[in-house]
Amino acid sequence: MKKDQTKIGRNDPCPCGSGLKHKKCCMRKRNRLEPESMKQIYLKRYKIRLKEREDIAAIRKAGGLVMDTLDLVESSLKPGMTTEEINTLVHEYTLDHGAVPATLHYRGYPKSVCVSINEVICHGIPGDRVIEDGDIVNVDITSILDGYYADANKTFLVGAATPDAEKIIRVARESLKRGIEMVRPGNTVGDIGWAIQTYAEGEGCSVVREFVGHGVGFDFHEAPQIPHYGKPKQGVILAPGMVFTIEPMINLGNKELRILRDDWTAVTRDSSLSAQFEQTILVTESGHESLTPYDLD
């Protein structure tokens, strides 16, 4: 991120949070906000910690490890494999590369990765469940490297595809793509959610409400929350230096869920398929950059 001044449009909502347009608020005091002023405003009002150039480089490095780990999992997935075997792969690869799995012991979570199959929306705990031909398998990895966090996931199809499996994976992937496309300074968190919700529901799918994206980088979960539904021009205004995940959970059926007895695993209430894709996104001065990039086309 460059260290020159951050431009705010005349008709954009003022980043001080007054609810007024910038031209009728802080623009009267100065034409541009200094980066240090922006950092102070976002920390004080939203508890959002904007990242500096050095922070972004470190998160990008952690993101590279996350993507290498996901690639390893993808190349290893096959019918007959257990979810515990995936956990072992992720755990050992992460440690071998000088990092720590962020999920391990996080709020009591017992494993180094989340593996969610078919009707499991998220937070599937690895164990003795066997992956079968035709399953869709979401693998969600967060690594801590040199004290910085990066977070990403993908949903993989194992073996032969069914029309339902193909559809939910396609819609979930495109949902993430459309959410990312809304990321640029002056847009809002609501713009991201609106783009995802409008597309997914237009495809006859539903968007999970209970779990959202989140700030990341200095910690596993930071401000702001990034809902995958919403209304345009509502919520926090996006500013350069913000780093957060976008991770829409899309159900083939309705949006309702239930949590299993382990207090972690979330499944669709109607047992329909659910898929998810996630990347860690940086707001740049002119748009966005994925710090955990992979192809969404």
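The reply below starts with the rings and moves on to sheets and a helix.

Reply: This is a predicted model, in which local features need pLDDT of at least 70 and side-chain atom pairs count only at pLDDT 80 or more, while totals for chains, interfaces and linings use all residues. Residues are numbered from 1 along each chain as its sequence is written, and side-chain values use heavy atoms, leaving out hydrogens and water.

Rings first. Rings of Phe, Tyr and Trp (for Trp, the six-membered ring) pair if their centres lie within 6.5 Å; planes under 30 degrees apart are stacked, over 60 edge-to-face, and the rest tilted. That rule gives 5 aromatic pairs. One of them is Tyr 42 with Tyr 46, a tilted pair at 5.2 Å centre to centre, with 55 degrees between the planes. Both sit in helix α1 (residues 35-46), 4 residues apart, so about one helical turn separates them. Helices here are DSSP runs of H or I, at least four residues; strands are runs of E, at least two; both are numbered from the N terminus. In general, an α-helix has 3.6 residues a turn, so residues three or four places apart point the same way. Tyr 42 counts as buried because its relative accessibility is 1%. The cut-offs are under 20% relative accessible area for buried, over 50% for exposed and partly exposed in between, with a 1.4 Å probe and protein chains only.

Tyr 109 and Trp 264 form another pair; their planes stand at 80 degrees with centres 5.1 Å apart, so the pair is edge-to-face. This pair links distant parts of the chain, 155 residues apart. Tyr 109 lies in the loop between β1 and β2 (114-117), Trp 264 in the loop between β11 (257-259) and β12 (266-268). Tyr 109 is buried, at a relative accessible area of 2%. Ring pairs also join Tyr 106, Tyr 149 and Phe 220 into a cluster.

Charges meet rings too. The criterion is NZ of Lys or CZ of Arg within 6 Å of the ring centre and within 35 degrees of the ring normal. Lys 154 lies over the face of Tyr 294, 4.6 Å from the ring centre. Arg 209 places its charged end over the ring of Tyr 229, at 4.7 Å from the centre.

Now the strands. Two strands pair if DSSP finds at least two bridges between them. Ile 259 has Ala 266 in β12 as its bridge partner. The open sheet here has 3 strands in the order β3-β12-β11, with antiparallel pairing. β3 (120-122) and β11 are the edge strands, each pairing on one side only.

A second open sheet runs β6-β10-β13, also antiparallel. β6 (206-207) and β13 (274-276) each have a single partner strand, so one side of each lacks a neighbour in the sheet. β10 (residues 249-251) meets β13 over 3 bridges, with Ile 250 opposite Ala 275.

A hairpin comes next. β7 (residues 213-215) and β8 (residues 222-226) run antiparallel, joined by 3 bridges. Gly 215 faces Glu 222. Between the strands lie 6 residues, and Gly 217 in the turn has a positive phi of about 135 degrees.

Last, helix α2 (residues 53-76). Its buried residues include Ile 56, Leu 65, Met 67 and Val 73. Their cover includes α3 (83-96), β4 (136-145) and β5 (148-157), with contact meaning heavy atoms within 4.5 Å.
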